[in-house]
Amino acid sequence: PPRGPFEVAWQPGGDGGAVAWDFSPLGKRCACVSAERSRVCVFDAHAAEAPPLWLQHRRMAAAGGSVECVAWSSQSGNLLAVGLRGAVGLWRLNALSSPNREVFAQALMTELKLPGALGGRSVRALAWHPRGRWLLVAAAGAAAAALIDTYTGE
C-alpha cells in the first residue's frame, strides 16, 4: 500500500493544485488533472520519489484547458480515460519507463468522439464497466449519458 503522507511535484510556477484524482485498480498508480486543466499527471503511489509522467495532447490544451475528469479502467492499471470537451481521450500506458516520457505519452492517446447531443459538451464524469470494455460518459448540461464501447469507439 502507499506510504504517506507524501508530496507530488507539480509544474514549476503552477499553483500546485489538482481538480480530479483517480487510483488505478490495484492502487499502484494515481492520475490527477492539473489545475489549469490541460495536463494529467500520473505517478507511482508506492514510490513518490519517482518522477511523474505528464500526459499532454493538443486536444487537452484547446480552449485554455478542457480536462475535467480521469478514470482508470476497472480491468487494467494501464488504460486511463480522460474527459475532454466533446470527446474522451484513452491512453494505454504500458511503458512508463520511456526516456522521453511526455513525448511518448502524447503518441498513445486515442480520441473517442461523443455521440449525438453530447458532442461538443465537456465530459464531467466517467465510469468504467466492471468488465473494462465499456465506459459510461456524462457531459455538462446533458439530460442523458452515453455508454461507449472502447474497443470500437461507438
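I looked up strand E3 (residues 40–44) and found four of its five residues buried, so E3 is largely enclosed by the rest of the structure. Buried here means under 20% relative accessible area, with a 1.4 Å probe and protein chains only. Strands are DSSP runs of at least two E residues, numbered from the N terminus.

I note that this is a predicted model, in which local features need pLDDT of at least 70, side-chain atom pairs count only at pLDDT 80 or more, and totals for chains, interfaces and linings use all residues. Residues are numbered from 1 along each chain as its sequence is written, and side-chain values use heavy atoms, without hydrogens and water.

I then checked the partners of E3; two strands pair if DSSP finds at least two bridges between them. Strand E2 (residues 29–34) pairs with E3 in the antiparallel sense over five bridges, and Cys32 has Cys41 in E3 as its bridge partner. E3 also pairs with strand E4 (residues 53–55), antiparallel over three bridges, where Val42 stands opposite Leu53.

Next I turned to Cys69, which lies in strand E5 (residues 69–72). Cys69 counts as buried because its relative accessibility is 7%.

Finally I followed E5 into an open sheet of four strands, ordered E5-E6-E7-E8 with antiparallel pairing. E5 and strand E8 (109–113) stand at the edges with a single partner strand each, so one side of each has no neighbour in the sheet. Four bridges join E5 to strand E6 (residues 79–83), and Trp72 stands opposite Leu80 in E6.

Conventions:
Buried < 20%, exposed > 50% of the residue type's maximum accessible area, 1.4 Å probe, protein only.
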